[in-house]
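Here's a friendly walk through one protein model. Have a look at the picture, then read on.

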Amino acid sequence: MESKMFRDPALERHFTGHTGNITQLRFSPDGHQIATSAMDATVILWNLKQAARCIRFASHSAAVYGVSWSPKGNFIASCSQDRTVKIWEPKVRGVSGEFLAHSKPVRSVDFDPTGQLLLTASDDKAVKLWRVSRRQFISSFAQQNNWVRAAKFSPNGKLIASVSDDKSLRIYEVSTGECVRTFTEERAAPRQVAWHPWGNMVAVALSCNRIKVFDVVNSQLLQMYVVHSAPVNDLAFHPSGNFLLSGSDDKTIRILDLLEGRPIYTLTGHTDAVNAVAFTQDGNKFATAGSDRQLLIWESNLHTYDASQFEEKSLSTSCCDTSSSSKISLGANSKASNDLSIRIDPRESLAYRALDEHFQVVDSQHSKHQTPLGNSNCATKLSGPKLSGRSEPKLSLELKSNYTTPFFN
């Protein structure tokens, strides 16, 4: 009977390497590499196919807050407290570009699905749209009244979702620049936003320990989860759209079954806040990272999940969580239910004990060429050789090894 049960998530790899808190992580499109950004002013590129090798990029002069892969995986963009955005090839030697994107720290960076556009969000209260190939500023979305924590393209690239310290979630049309939806939260500011794979819903991580899922087409709050005991820092939808992954200051990772409206897993293993979570594009793996400077890579096994077996399995698990955390769905007969999520602590596993710490840190050496950005209203530059031009000598970068106050329209 037990052999027919669905399989739980399992820790696969365990890395350390950053000297500062990890702020964000993203899998490459093929799932073979992970880029992590950190408060130590570096980005590390972890090659999961070569266990003893990683590349560290140290060209930012201050904390790096975010990273994004281009759809083809041939470029990575990173954004920093130093107000710059850097675009570089994910290899030891290649071309790199940079531009001064905002007048204050840049919190978020995101490629669109075509790889031709780039979105940035900043403490200067603006979200900006850039054309990558022409090195050109296109437009600014500046209706926010406080720092913008994150801005993300929708899966089809036609909409933008932004969250700000003014306690707002805004939806913009890329083609017109118009703000078509505004949701405002009175309780606390959002920290992160994620688009559902279908493109008609977004999830928001809130500093009041909550997660909310919105229908952006009908301007409706669909679900709210209270499954963390501290602010929620990051979240990610499974590619199927049926599950949501979240990380919190409470040092835990949660997996939510969105169809049944309940938490199904509570994962521990981090010793400090979990700041970043992400799935691979096929959903077979996910990764988590945070203020303990650890990067944990998991097999999700969610393709085996069977909701009809959940209660039987959770009740048979001696270490199941019996806290009063709950989810409330906006339905006619919605009610709070006890959290019976299956608790998984990987710290006694072989994968956790076999810490991959004896890897080689390879110095990145990127060629650099400065050229001005056109049509921008801020002091802007882009460094990086044009494909048809000549490049300057390569630079060797120095490396150091219950539902209360909903959003409303």
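A salt bridge here is a side-chain nitrogen of Lys or Arg within 4 Å of a carboxyl oxygen of Asp or Glu. Keep in mind that this is a predicted model, where local features need pLDDT of at least 70, side-chain atom pairs count only at pLDDT 80 or more, and totals for chains, interfaces and linings use all residues. Residues are numbered from 1 along each chain as its sequence is written, and side-chain values use heavy atoms, with hydrogens and water left out.

**Salt bridges**

The salt-bridge rule gives a count of 13. Among them are these:

| Pair | N to O distance |
|---|---|
| R149 and D165 | 2.9 Å |
| R170 and D166 | 3.1 Å |
| R262 and E311 | 3.9 Å |

What does the R262 and E311 pair link? It connects distant parts of the chain, with R262 in strand β25 and E311 in helix α1 (residues 310–316), 49 residues apart. Helices (H or I, at least four residues) and strands (E, at least two) are DSSP runs, numbered from the N terminus.

How covered up are these side chains? Buried means under 20% relative accessible area, exposed over 50%, and partly exposed in between (1.4 Å probe, protein chains only). R262 is buried at 16%, while E311 is partly exposed at 46%. R170 and D166 are both buried. R149 is partly exposed at 26%, and D165 is also partly exposed, at 21%.

**The whole chain**

The protein chain has two helices and 35 strands. Of its 409 residues, 59% count as buried.

Four of the strands make an open, antiparallel sheet in the order β10-β11-β12-β13. Strands β10 (106–111) and β13 (136–141) each have a single partner strand, so one side of each has no neighbour in the sheet. Two strands pair if DSSP finds at least two bridges between them; β12 (residues 127–131) and β13 are joined by five. W130 sits opposite F137 in β13.

**Inside the protein**

A nonpolar core is a set of buried Ala, Val, Leu, Ile, Met, Phe, Trp, Tyr and Cys residues joined through side-chain atoms within 4.5 Å. The largest one has 23 residues, and I255 is one of those that touch the most other members.

A276 and S37 are 239 residues apart in sequence, yet 9.7 Å apart in space, C-alpha to C-alpha.
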